[in-house]
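Dear colleague,

I am handing over a structure for your records, and the sequence and model are shown just below. My findings follow them.

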Amino acid sequence: MLKTENISIIVKEQNKYFLLGDTQKVKFRQQQLQQLKQLIVKKESEIVKALNKDLGKCQFESYLSEIRIIKKEIDNMINNLRKWVKPCYVATPIEQVPGTAFIQPQPKGVVLIISPWNYPFSLAIMPLIGAIAAGNCAIIKPSELTPHTSQVLVKIINNHFDNNYVKVIEGGKETSQQLLKEKFDHIFFTGSPDLGKIVMEAAAKQLIPVTLELGGKSPCIVDKKINIKETAKRIVWGKFLNAGQSCIAPDYLLVNQQIKLQLLEAIKKAIKEFYGENPFQSSDYGRIINKHHFKRLSTLLTSGQIIVGGQVIPEENYISPTIIDQVSSEFPIMQDEIFGPILPILDYDKIEEAIAFINQRPNPLAIYLFSNDKKQQKKVLENTLSGGVGINDTVMQYGVLTLPFGGVGKSGMGSYHGKASFDTFSHYKSVLKRSFWLETNLRFPPYQGKLKWIKRLLG
Ligand code: NAD
(Lines give C-alpha, C1' and ligand atoms only; values in the text may rest on other atoms or scores of the structure.)
Protein backbone atom coordinates (compact mmCIF):
# COMPACT_ATOMS: atom_id res chain seq x y z
CA MET A 1 0.00 0.00 0.00
CA LEU A 2 1.20 3.49 -0.81
CA LYS A 3 1.75 5.87 2.06
CA THR A 4 -0.79 8.65 2.60
CA GLU A 5 1.65 11.34 1.48
CA ASN A 6 2.38 9.41 -1.73
CA ILE A 7 -1.30 9.33 -2.60
CA SER A 8 -1.55 13.06 -1.92
CA ILE A 9 1.49 13.67 -4.09
CA ILE A 10 0.05 11.64 -6.97
CA VAL A 11 -3.22 13.56 -6.82
CA LYS A 12 -1.33 16.88 -6.68
CA GLU A 13 0.82 15.89 -9.66
CA GLN A 14 -2.27 14.88 -11.62
CA ASN A 15 -3.85 18.24 -10.85
CA LYS A 16 -0.73 20.00 -12.14
CA TYR A 17 -0.76 17.85 -15.27
CA PHE A 18 -4.42 18.64 -15.88
CA LEU A 19 -3.68 22.36 -15.73
CA LEU A 20 -1.07 22.00 -18.50
CA GLY A 21 -4.05 21.67 -20.83
CA ASP A 22 -2.93 18.68 -22.94
CA THR A 23 -5.98 16.66 -21.97
CA GLN A 24 -8.20 19.41 -23.41
CA LYS A 25 -7.04 18.55 -26.91
CA VAL A 26 -9.26 16.12 -28.80
CA LYS A 27 -6.31 14.69 -30.74
CA PHE A 28 -4.52 13.91 -27.47
CA ARG A 29 -7.58 12.12 -26.05
CA GLN A 30 -8.00 10.08 -29.23
CA GLN A 31 -4.30 9.12 -29.22
CA GLN A 32 -4.48 7.96 -25.59
CA LEU A 33 -7.59 5.89 -26.34
CA GLN A 34 -5.92 4.38 -29.38
CA GLN A 35 -2.85 3.49 -27.33
CA LEU A 36 -5.08 1.89 -24.69
CA LYS A 37 -6.77 -0.23 -27.33
CA GLN A 38 -3.46 -1.34 -28.82
CA LEU A 39 -2.17 -2.35 -25.40
CA ILE A 40 -5.33 -4.33 -24.67
CA VAL A 41 -5.01 -6.16 -27.98
CA LYS A 42 -1.33 -6.87 -27.29
CA LYS A 43 -1.99 -8.09 -23.75
CA GLU A 44 -5.14 -10.07 -24.52
CA SER A 45 -3.72 -13.44 -23.52
CA GLU A 46 -2.31 -12.01 -20.27
CA ILE A 47 -5.69 -10.53 -19.42
CA VAL A 48 -7.45 -13.83 -20.13
CA LYS A 49 -4.94 -15.77 -18.00
CA ALA A 50 -5.31 -13.34 -15.10
CA LEU A 51 -9.11 -13.55 -15.21
CA ASN A 52 -8.87 -17.31 -15.22
CA LYS A 53 -6.59 -17.29 -12.17
CA ASP A 54 -8.76 -14.81 -10.29
CA LEU A 55 -12.25 -16.08 -11.14
CA GLY A 56 -11.84 -19.30 -13.11
CA LYS A 57 -13.26 -17.37 -16.08
CA CYS A 58 -13.08 -19.13 -19.41
CA GLN A 59 -11.52 -17.49 -22.47
CA PHE A 60 -14.85 -17.15 -24.30
CA GLU A 61 -16.55 -15.22 -21.47
CA SER A 62 -13.43 -13.14 -20.82
CA TYR A 63 -13.20 -12.11 -24.44
CA LEU A 64 -16.88 -11.20 -24.75
CA SER A 65 -17.51 -9.52 -21.41
CA GLU A 66 -14.13 -8.02 -20.59
CA ILE A 67 -12.19 -7.39 -23.80
CA ARG A 68 -14.41 -7.08 -26.87
CA ILE A 69 -16.83 -4.68 -25.18
CA ILE A 70 -13.91 -2.45 -24.16
CA LYS A 71 -12.51 -2.35 -27.68
CA LYS A 72 -15.98 -1.44 -29.01
CA GLU A 73 -16.32 1.33 -26.42
CA ILE A 74 -12.93 2.79 -27.37
CA ASP A 75 -13.88 2.80 -31.07
CA ASN A 76 -17.21 4.39 -30.21
CA MET A 77 -15.47 7.18 -28.27
CA ILE A 78 -12.78 7.85 -30.86
CA ASN A 79 -15.35 8.02 -33.66
CA ASN A 80 -17.77 10.33 -31.86
CA LEU A 81 -15.49 12.55 -29.83
CA ARG A 82 -15.23 15.46 -32.30
CA LYS A 83 -19.03 15.62 -32.43
CA TRP A 84 -19.51 15.41 -28.66
CA VAL A 85 -16.96 18.09 -27.69
CA LYS A 86 -18.65 20.71 -29.86
CA PRO A 87 -20.56 23.46 -28.06
CA CYS A 88 -24.32 23.16 -28.35
CA TYR A 89 -25.92 26.47 -29.33
CA VAL A 90 -29.27 27.33 -27.71
CA ALA A 91 -31.87 30.05 -28.30
CA THR A 92 -31.03 33.51 -26.93
CA PRO A 93 -33.89 35.66 -25.56
CA ILE A 94 -34.70 38.83 -27.49
CA GLU A 95 -33.40 41.18 -24.77
CA GLN A 96 -29.96 39.54 -24.99
CA VAL A 97 -29.62 40.01 -28.74
CA PRO A 98 -27.06 40.54 -30.16
CA GLY A 99 -25.58 37.61 -28.25
CA THR A 100 -25.17 33.88 -28.40
CA ALA A 101 -25.74 31.24 -25.76
CA PHE A 102 -24.15 27.84 -25.80
CA ILE A 103 -23.38 24.82 -23.65
CA GLN A 104 -19.76 23.76 -23.66
CA PRO A 105 -18.68 20.34 -22.36
CA GLN A 106 -15.49 20.58 -20.34
CA PRO A 107 -13.39 18.02 -18.46
CA LYS A 108 -13.97 18.00 -14.72
CA GLY A 109 -10.30 17.58 -13.76
CA VAL A 110 -8.88 14.65 -11.79
CA VAL A 111 -11.26 11.75 -11.23
CA LEU A 112 -11.17 8.67 -9.03
CA ILE A 113 -12.41 5.30 -10.29
CA ILE A 114 -12.97 2.54 -7.72
CA SER A 115 -13.79 -0.81 -9.31
CA PRO A 116 -14.99 -4.24 -8.09
CA TRP A 117 -13.83 -7.82 -8.57
CA ASN A 118 -16.55 -9.47 -10.64
CA TYR A 119 -15.54 -8.06 -14.05
CA PRO A 120 -12.24 -6.72 -12.75
CA PHE A 121 -10.78 -5.70 -16.09
CA SER A 122 -13.72 -4.17 -17.93
CA LEU A 123 -15.21 -2.42 -14.90
CA ALA A 124 -11.91 -0.62 -14.30
CA ILE A 125 -11.23 0.26 -17.94
CA MET A 126 -14.78 1.10 -19.08
CA PRO A 127 -15.10 4.20 -16.86
CA LEU A 128 -11.47 5.12 -17.64
CA ILE A 129 -12.40 5.33 -21.34
CA GLY A 130 -15.12 7.86 -20.47
CA ALA A 131 -12.75 9.81 -18.23
CA ILE A 132 -10.08 10.00 -20.96
CA ALA A 133 -12.61 10.83 -23.69
CA ALA A 134 -13.97 13.71 -21.63
CA GLY A 135 -10.42 15.03 -21.08
CA ASN A 136 -9.72 14.17 -17.45
CA CYS A 137 -6.79 12.75 -15.51
CA ALA A 138 -7.67 9.59 -13.58
CA ILE A 139 -6.66 7.34 -10.74
CA ILE A 140 -8.01 3.78 -10.80
CA LYS A 141 -8.27 1.69 -7.64
CA PRO A 142 -9.03 -1.91 -8.68
CA SER A 143 -10.38 -4.55 -6.31
CA GLU A 144 -7.89 -6.27 -4.03
CA LEU A 145 -9.81 -9.53 -4.49
CA THR A 146 -8.56 -10.00 -8.06
CA PRO A 147 -4.79 -9.47 -7.72
CA HIS A 148 -3.77 -11.07 -11.02
CA THR A 149 -6.03 -8.82 -13.08
CA SER A 150 -4.97 -5.88 -10.99
CA GLN A 151 -1.33 -6.60 -11.88
CA VAL A 152 -2.18 -6.62 -15.59
CA LEU A 153 -3.94 -3.28 -15.15
CA VAL A 154 -0.78 -1.90 -13.53
CA LYS A 155 1.34 -3.21 -16.41
CA ILE A 156 -0.95 -1.70 -19.04
CA ILE A 157 -1.53 1.67 -17.43
CA ASN A 158 1.41 2.45 -15.17
CA ASN A 159 4.08 1.18 -17.57
CA HIS A 160 2.76 2.87 -20.70
CA PHE A 161 1.01 6.10 -19.74
CA ASP A 162 2.32 9.19 -17.99
CA ASN A 163 1.30 8.47 -14.41
CA ASN A 164 0.67 12.14 -13.81
CA TYR A 165 -2.11 11.60 -16.33
CA VAL A 166 -3.55 8.14 -15.50
CA LYS A 167 -2.44 5.74 -12.80
CA VAL A 168 -3.54 2.51 -11.16
CA ILE A 169 -3.18 2.44 -7.39
CA GLU A 170 -3.54 -1.03 -5.92
CA GLY A 171 -4.80 -1.71 -2.41
CA GLY A 172 -7.83 -2.60 -0.33
CA LYS A 173 -10.11 -0.80 2.06
CA GLU A 174 -7.38 1.36 3.63
CA THR A 175 -6.15 2.58 0.26
CA SER A 176 -9.74 3.39 -0.76
CA GLN A 177 -10.20 5.31 2.45
CA GLN A 178 -6.99 7.29 1.91
CA LEU A 179 -8.01 8.07 -1.65
CA LEU A 180 -11.43 9.21 -0.46
CA LYS A 181 -9.77 11.85 1.74
CA GLU A 182 -8.34 13.54 -1.36
CA LYS A 183 -10.08 16.30 -3.26
CA PHE A 184 -11.12 14.74 -6.57
CA ASP A 185 -13.36 16.38 -9.15
CA HIS A 186 -15.51 13.28 -9.60
CA ILE A 187 -15.70 9.84 -8.01
CA PHE A 188 -16.92 6.89 -10.05
CA PHE A 189 -17.62 3.88 -7.83
CA THR A 190 -18.75 0.39 -8.80
CA GLY A 191 -19.55 -2.01 -5.98
CA SER A 192 -22.13 -2.92 -3.37
CA PRO A 193 -24.78 -0.51 -2.06
CA ASP A 194 -23.19 -0.67 1.43
CA LEU A 195 -19.82 0.52 0.14
CA GLY A 196 -21.64 3.03 -2.08
CA LYS A 197 -22.95 4.72 1.09
CA ILE A 198 -19.41 5.00 2.49
CA VAL A 199 -18.14 6.49 -0.76
CA MET A 200 -21.00 8.97 -0.99
CA GLU A 201 -20.54 10.05 2.63
CA ALA A 202 -16.83 10.69 2.04
CA ALA A 203 -17.58 12.55 -1.19
CA ALA A 204 -20.26 14.67 0.50
CA LYS A 205 -17.69 16.02 2.99
CA GLN A 206 -15.89 17.72 0.09
CA LEU A 207 -18.95 18.14 -2.17
CA ILE A 208 -17.48 15.86 -4.80
CA PRO A 209 -19.99 14.62 -7.40
CA VAL A 210 -20.38 10.84 -7.54
CA THR A 211 -21.52 8.16 -9.90
CA LEU A 212 -22.54 5.04 -8.01
CA GLU A 213 -22.86 1.84 -10.03
CA LEU A 214 -24.33 -0.47 -7.40
CA GLY A 215 -26.27 -3.72 -7.33
CA GLY A 216 -29.31 -5.31 -5.77
CA LYS A 217 -31.87 -7.95 -6.61
CA SER A 218 -32.79 -7.92 -10.31
CA PRO A 219 -36.05 -9.82 -10.80
CA CYS A 220 -36.96 -11.82 -13.89
CA ILE A 221 -40.66 -12.14 -14.70
CA VAL A 222 -41.64 -15.01 -16.95
CA ASP A 223 -45.13 -14.74 -18.35
CA LYS A 224 -47.20 -17.20 -20.42
CA LYS A 225 -46.75 -15.93 -23.97
CA ILE A 226 -43.17 -17.05 -24.56
CA ASN A 227 -40.91 -19.49 -26.34
CA ILE A 228 -40.17 -21.70 -23.33
CA LYS A 229 -37.01 -23.31 -24.66
CA GLU A 230 -35.36 -20.00 -25.65
CA THR A 231 -36.52 -18.33 -22.43
CA ALA A 232 -34.91 -21.08 -20.35
CA LYS A 233 -31.64 -20.88 -22.30
CA ARG A 234 -31.43 -17.09 -21.97
CA ILE A 235 -32.18 -17.20 -18.23
CA VAL A 236 -29.64 -19.96 -17.57
CA TRP A 237 -26.96 -18.16 -19.58
CA GLY A 238 -27.52 -14.77 -17.87
CA LYS A 239 -27.71 -16.30 -14.40
CA PHE A 240 -24.75 -18.68 -14.51
CA LEU A 241 -22.40 -16.51 -16.55
CA ASN A 242 -19.38 -15.78 -14.31
CA ALA A 243 -20.91 -18.24 -11.80
CA GLY A 244 -23.76 -15.82 -11.10
CA GLN A 245 -21.42 -13.01 -10.04
CA SER A 246 -22.82 -10.35 -12.38
CA CYS A 247 -24.51 -7.21 -11.13
CA ILE A 248 -27.33 -7.60 -13.67
CA ALA A 249 -27.75 -11.37 -13.41
CA PRO A 250 -31.40 -12.36 -12.87
CA ASP A 251 -31.50 -12.64 -9.07
CA TYR A 252 -34.81 -14.51 -8.79
CA LEU A 253 -37.62 -15.66 -11.06
CA LEU A 254 -41.26 -14.64 -10.82
CA VAL A 255 -42.99 -17.20 -13.01
CA ASN A 256 -46.58 -17.44 -14.14
CA GLN A 257 -48.02 -20.50 -12.36
CA GLN A 258 -49.43 -21.90 -15.61
CA ILE A 259 -46.03 -22.44 -17.21
CA LYS A 260 -43.89 -23.00 -14.14
CA LEU A 261 -43.42 -26.78 -14.50
CA GLN A 262 -42.63 -26.56 -18.21
CA LEU A 263 -40.14 -23.76 -17.60
CA LEU A 264 -38.40 -25.66 -14.81
CA GLU A 265 -38.00 -28.68 -17.07
CA ALA A 266 -36.56 -26.49 -19.84
CA ILE A 267 -34.18 -24.81 -17.35
CA LYS A 268 -32.93 -28.21 -16.13
CA LYS A 269 -32.31 -29.23 -19.75
CA ALA A 270 -30.51 -25.99 -20.57
CA ILE A 271 -28.17 -26.35 -17.56
CA LYS A 272 -27.27 -29.87 -18.67
CA GLU A 273 -26.84 -28.78 -22.27
CA PHE A 274 -24.57 -25.86 -21.32
CA TYR A 275 -22.44 -27.36 -18.55
CA GLY A 276 -22.84 -31.15 -18.89
CA GLU A 277 -23.81 -33.75 -16.27
CA ASN A 278 -21.15 -32.44 -13.90
CA PRO A 279 -20.62 -28.65 -14.23
CA PHE A 280 -17.52 -28.94 -12.03
CA GLN A 281 -15.77 -30.49 -15.00
CA SER A 282 -16.99 -27.86 -17.44
CA SER A 283 -14.28 -25.42 -18.48
CA ASP A 284 -17.06 -22.93 -19.22
CA TYR A 285 -18.25 -22.67 -15.62
CA GLY A 286 -16.54 -20.32 -13.14
CA ARG A 287 -15.80 -20.34 -9.41
CA ILE A 288 -16.81 -18.20 -6.45
CA ILE A 289 -14.34 -15.38 -5.85
CA ASN A 290 -13.25 -16.33 -2.30
CA LYS A 291 -14.05 -18.25 0.89
CA HIS A 292 -16.08 -15.43 2.39
CA HIS A 293 -18.49 -15.33 -0.54
CA PHE A 294 -18.46 -19.14 -0.82
CA LYS A 295 -19.60 -19.45 2.81
CA ARG A 296 -22.18 -16.69 2.42
CA LEU A 297 -23.67 -18.45 -0.62
CA SER A 298 -23.51 -21.92 0.94
CA THR A 299 -25.77 -20.85 3.81
CA LEU A 300 -28.38 -19.73 1.25
CA LEU A 301 -28.62 -23.33 0.02
CA THR A 302 -30.54 -24.27 3.15
CA SER A 303 -33.69 -22.36 2.15
CA GLY A 304 -36.47 -23.92 0.03
CA GLN A 305 -36.32 -27.06 -2.05
CA ILE A 306 -33.32 -27.58 -4.31
CA ILE A 307 -34.54 -28.97 -7.62
CA VAL A 308 -31.30 -28.68 -9.58
CA GLY A 309 -27.69 -28.55 -8.32
CA GLY A 310 -26.83 -27.69 -4.73
CA GLN A 311 -23.41 -29.38 -4.92
CA VAL A 312 -20.49 -27.61 -3.30
CA ILE A 313 -16.74 -28.25 -3.22
CA PRO A 314 -15.32 -25.93 -0.54
CA GLU A 315 -11.62 -26.40 -1.46
CA GLU A 316 -12.45 -25.18 -4.97
CA ASN A 317 -14.97 -22.48 -4.03
CA TYR A 318 -17.33 -24.35 -6.33
CA ILE A 319 -21.10 -24.17 -6.17
CA SER A 320 -22.99 -25.90 -8.96
CA PRO A 321 -25.74 -24.12 -10.92
CA THR A 322 -28.63 -24.34 -8.47
CA ILE A 323 -32.38 -23.83 -8.80
CA ILE A 324 -34.47 -23.53 -5.64
CA ASP A 325 -38.24 -23.91 -5.54
CA GLN A 326 -40.75 -23.47 -2.68
CA VAL A 327 -39.22 -20.14 -1.75
CA SER A 328 -40.93 -17.66 0.53
CA SER A 329 -40.22 -13.94 0.38
CA GLU A 330 -39.24 -14.17 4.07
CA PHE A 331 -36.30 -16.50 3.39
CA PRO A 332 -32.73 -15.11 3.71
CA ILE A 333 -32.20 -15.77 -0.01
CA MET A 334 -34.87 -13.18 -0.79
CA GLN A 335 -33.37 -10.45 1.43
CA ASP A 336 -30.09 -9.41 -0.24
CA GLU A 337 -28.57 -9.67 -3.69
CA ILE A 338 -27.48 -13.31 -4.19
CA PHE A 339 -24.48 -12.61 -6.43
CA GLY A 340 -23.82 -16.29 -7.04
CA PRO A 341 -25.14 -19.31 -8.98
CA ILE A 342 -28.35 -19.84 -7.03
CA LEU A 343 -31.70 -19.05 -8.61
CA PRO A 344 -34.82 -19.02 -6.40
CA ILE A 345 -38.21 -19.37 -8.04
CA LEU A 346 -41.43 -17.74 -6.95
CA ASP A 347 -44.68 -17.81 -8.87
CA TYR A 348 -47.66 -15.56 -9.53
CA ASP A 349 -51.14 -15.78 -10.93
CA LYS A 350 -51.62 -12.26 -12.37
CA ILE A 351 -48.84 -9.97 -13.65
CA GLU A 352 -50.04 -7.26 -11.22
CA GLU A 353 -48.89 -9.49 -8.34
CA ALA A 354 -45.40 -9.74 -9.83
CA ILE A 355 -45.30 -5.95 -10.31
CA ALA A 356 -46.49 -5.33 -6.74
CA PHE A 357 -43.84 -7.75 -5.42
CA ILE A 358 -41.10 -5.84 -7.25
CA ASN A 359 -42.44 -2.46 -6.16
CA GLN A 360 -42.41 -3.45 -2.48
CA ARG A 361 -38.60 -3.78 -2.74
CA PRO A 362 -35.74 -1.39 -3.57
CA ASN A 363 -35.46 -0.28 -7.21
CA PRO A 364 -33.55 -2.97 -9.11
CA LEU A 365 -30.58 -2.39 -11.41
CA ALA A 366 -32.37 -4.46 -14.05
CA ILE A 367 -35.81 -5.99 -14.51
CA TYR A 368 -36.28 -8.80 -17.01
CA LEU A 369 -39.58 -9.68 -18.60
CA PHE A 370 -40.16 -12.66 -20.83
CA SER A 371 -43.43 -12.09 -22.66
CA ASN A 372 -44.51 -11.53 -26.23
CA ASP A 373 -47.70 -9.90 -25.01
CA LYS A 374 -47.37 -6.17 -25.80
CA LYS A 375 -49.89 -5.22 -23.09
CA GLN A 376 -47.89 -7.05 -20.43
CA GLN A 377 -44.69 -5.43 -21.68
CA LYS A 378 -46.29 -1.97 -21.44
CA LYS A 379 -47.66 -2.72 -17.98
CA VAL A 380 -44.26 -3.72 -16.62
CA LEU A 381 -42.45 -0.83 -18.29
CA GLU A 382 -44.94 1.75 -17.02
CA ASN A 383 -45.45 0.43 -13.52
CA THR A 384 -41.93 -0.40 -12.35
CA LEU A 385 -38.79 1.70 -11.88
CA SER A 386 -35.37 0.16 -12.47
CA GLY A 387 -31.99 1.12 -13.92
CA GLY A 388 -32.79 -0.78 -17.10
CA VAL A 389 -35.12 -3.38 -18.55
CA GLY A 390 -34.47 -6.42 -20.70
CA ILE A 391 -37.42 -7.84 -22.61
CA ASN A 392 -37.12 -11.46 -23.74
CA ASP A 393 -33.44 -11.66 -22.82
CA THR A 394 -31.09 -11.24 -19.88
CA VAL A 395 -27.83 -9.27 -19.46
CA MET A 396 -27.59 -8.41 -23.19
CA GLN A 397 -28.73 -4.80 -22.62
CA TYR A 398 -25.27 -4.18 -21.09
CA GLY A 399 -23.69 -4.65 -24.50
CA VAL A 400 -25.73 -1.93 -26.19
CA LEU A 401 -23.23 0.88 -25.79
CA THR A 402 -25.71 3.45 -27.06
CA LEU A 403 -27.86 2.75 -23.97
CA PRO A 404 -26.80 4.53 -20.76
CA PHE A 405 -26.08 1.96 -18.05
CA GLY A 406 -26.78 2.69 -14.40
CA GLY A 407 -29.12 2.20 -11.49
CA VAL A 408 -31.83 4.17 -9.73
CA GLY A 409 -32.54 4.53 -6.02
CA LYS A 410 -30.66 1.85 -4.10
CA SER A 411 -29.17 0.35 -7.28
CA GLY A 412 -27.16 3.50 -7.99
CA MET A 413 -27.06 6.99 -9.41
CA GLY A 414 -25.70 8.30 -12.68
CA SER A 415 -24.91 6.23 -15.72
CA TYR A 416 -22.19 5.51 -18.27
CA HIS A 417 -21.30 3.77 -21.56
CA GLY A 418 -20.83 5.71 -24.79
CA LYS A 419 -22.20 9.25 -24.75
CA ALA A 420 -23.44 8.75 -21.18
CA SER A 421 -19.81 8.18 -20.09
CA PHE A 422 -18.68 11.30 -21.87
CA ASP A 423 -21.47 13.23 -20.14
CA THR A 424 -20.68 11.76 -16.72
CA PHE A 425 -17.07 12.89 -16.83
CA SER A 426 -17.84 16.29 -18.39
CA HIS A 427 -19.12 19.49 -16.88
CA TYR A 428 -21.64 21.16 -19.17
CA LYS A 429 -20.77 24.83 -18.86
CA SER A 430 -23.41 27.39 -19.79
CA VAL A 431 -21.97 30.37 -21.65
CA LEU A 432 -23.53 33.65 -22.77
CA LYS A 433 -21.50 35.75 -25.18
CA ARG A 434 -22.67 39.33 -25.73
CA SER A 435 -21.69 41.91 -28.27
CA PHE A 436 -20.93 45.55 -27.44
CA TRP A 437 -23.10 46.56 -30.32
CA LEU A 438 -26.64 47.83 -29.64
CA GLU A 439 -27.14 48.74 -25.98
CA THR A 440 -30.60 50.08 -25.15
CA ASN A 441 -29.61 51.05 -21.57
CA LEU A 442 -33.14 50.02 -20.52
CA ARG A 443 -31.92 47.73 -17.72
CA PHE A 444 -29.62 50.31 -16.08
CA PRO A 445 -30.64 52.72 -13.31
CA PRO A 446 -32.12 55.21 -12.96
CA TYR A 447 -35.17 53.03 -13.68
CA GLN A 448 -37.68 55.85 -13.70
CA GLY A 449 -39.95 55.67 -16.74
CA LYS A 450 -38.35 52.48 -18.06
CA LEU A 451 -40.75 49.82 -16.74
CA LYS A 452 -43.52 50.73 -19.18
CA TRP A 453 -41.05 50.27 -22.06
CA ILE A 454 -39.87 46.92 -20.72
CA LYS A 455 -43.51 45.76 -20.47
CA ARG A 456 -44.40 47.10 -23.90
CA LEU A 457 -41.33 45.73 -25.71
CA LEU A 458 -40.48 42.55 -23.81
CA GLY A 459 -43.66 41.58 -21.97
P1 NAD B 1 -15.54 -5.12 -3.89
O2 NAD B 1 -15.49 -5.80 -2.57
O3 NAD B 1 -14.53 -5.43 -4.92
O4 NAD B 1 -15.54 -3.56 -3.57
C5 NAD B 1 -15.60 -2.61 -4.58
C6 NAD B 1 -14.45 -1.66 -4.41
O7 NAD B 1 -14.61 -0.94 -3.18
C8 NAD B 1 -13.08 -2.34 -4.31
O9 NAD B 1 -12.17 -1.64 -5.10
C10 NAD B 1 -12.76 -2.24 -2.84
O11 NAD B 1 -11.39 -2.22 -2.56
C12 NAD B 1 -13.39 -0.94 -2.47
N13 NAD B 1 -13.63 -0.80 -1.03
C14 NAD B 1 -13.60 -1.75 -0.08
N15 NAD B 1 -13.89 -1.22 1.12
C16 NAD B 1 -14.09 0.09 0.92
C17 NAD B 1 -14.40 1.18 1.77
N18 NAD B 1 -14.58 1.02 3.07
N19 NAD B 1 -14.54 2.40 1.21
C20 NAD B 1 -14.38 2.58 -0.12
N21 NAD B 1 -14.09 1.58 -0.97
C22 NAD B 1 -13.93 0.36 -0.46
O23 NAD B 1 -16.87 -5.32 -4.59
P24 NAD B 1 -18.25 -5.53 -4.00
O25 NAD B 1 -18.70 -4.29 -3.35
O26 NAD B 1 -18.35 -6.82 -3.27
O27 NAD B 1 -18.92 -5.75 -5.44
C28 NAD B 1 -20.03 -6.47 -5.60
C29 NAD B 1 -21.20 -5.53 -5.72
O30 NAD B 1 -20.97 -4.65 -6.80
C31 NAD B 1 -22.51 -6.22 -6.01
O32 NAD B 1 -23.50 -5.62 -5.24
C33 NAD B 1 -22.75 -5.93 -7.48
O34 NAD B 1 -24.09 -5.92 -7.84
C35 NAD B 1 -22.12 -4.57 -7.60
N36 NAD B 1 -21.71 -4.32 -8.97
C37 NAD B 1 -22.35 -3.36 -9.65
C38 NAD B 1 -22.02 -3.13 -10.97
C39 NAD B 1 -22.71 -2.07 -11.77
O40 NAD B 1 -22.24 -1.79 -12.88
N41 NAD B 1 -23.77 -1.47 -11.30
C42 NAD B 1 -21.03 -3.88 -11.59
C43 NAD B 1 -20.40 -4.85 -10.83
C44 NAD B 1 -20.73 -5.06 -9.52
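In this predicted model, a polar atom of the side chain of Lys 141 lies 2.7 Å from the backbone oxygen of Gly 171. Lys 141 belongs to strand S4, which covers residues 137-141. The relative accessible area of Lys 141 is 2%; because buried means under 20%, Lys 141 counts as buried. Leaving aside residues up to four places away in sequence, Lys 141 touches several others, including Ile 113, Ser 115, Gly 171, Thr 175 and Ser 176.

Lys 141 also faces the ligand: one of its polar side-chain atoms lies 2.6 Å from a ligand oxygen atom. Ser 176 has a polar side-chain atom 3.3 Å from a nitrogen atom of the ligand. At Ser 192, a polar backbone atom is 2.8 Å from an oxygen atom of the ligand. The ligand taken alone exposes 850 Å², of which the protein buries 94%.

The ligand is surrounded by 30 residues, and the closest are Ser 115, Lys 141, Glu 144, Leu 214 and Glu 337. By type, the shell holds 16 nonpolar, nine polar and five charged residues. Helix H7 (173-179), strand S6 (186-190) and helix H8 (193-205) each give two or more residues to this shell, and H8 gives the most, with four.

Yours sincerely

How values were computed. Residues are numbered from 1 along each chain as its sequence is written. This is a predicted model: local features need pLDDT of at least 70, side-chain atom pairs count only at pLDDT 80 or more; totals for chains, interfaces and linings use all residues. Side-chain values use heavy atoms; hydrogens and water are left out. A residue is near a molecule or strand if one of its heavy atoms lies within 4 Å of it. A polar contact is a pair of N or O atoms within 3.5 Å; within protein, one must be able to donate a hydrogen and the other to accept it, and residues adjacent in sequence count only if both atoms are side-chain atoms. Accessible areas come from the Shrake-Rupley method with a 1.4 Å probe; for residues, only the protein chains shown count as cover. Ala, Val, Leu, Ile, Met, Phe, Trp, Tyr, Cys and Pro count as nonpolar, Asp, Glu, Lys and Arg as charged, and the others, Gly among them, as polar. Buried means under 20% relative accessible area, exposed over 50%, partly exposed in between (1.4 Å probe, protein chains only). Contact means heavy atoms within 4.5 Å.
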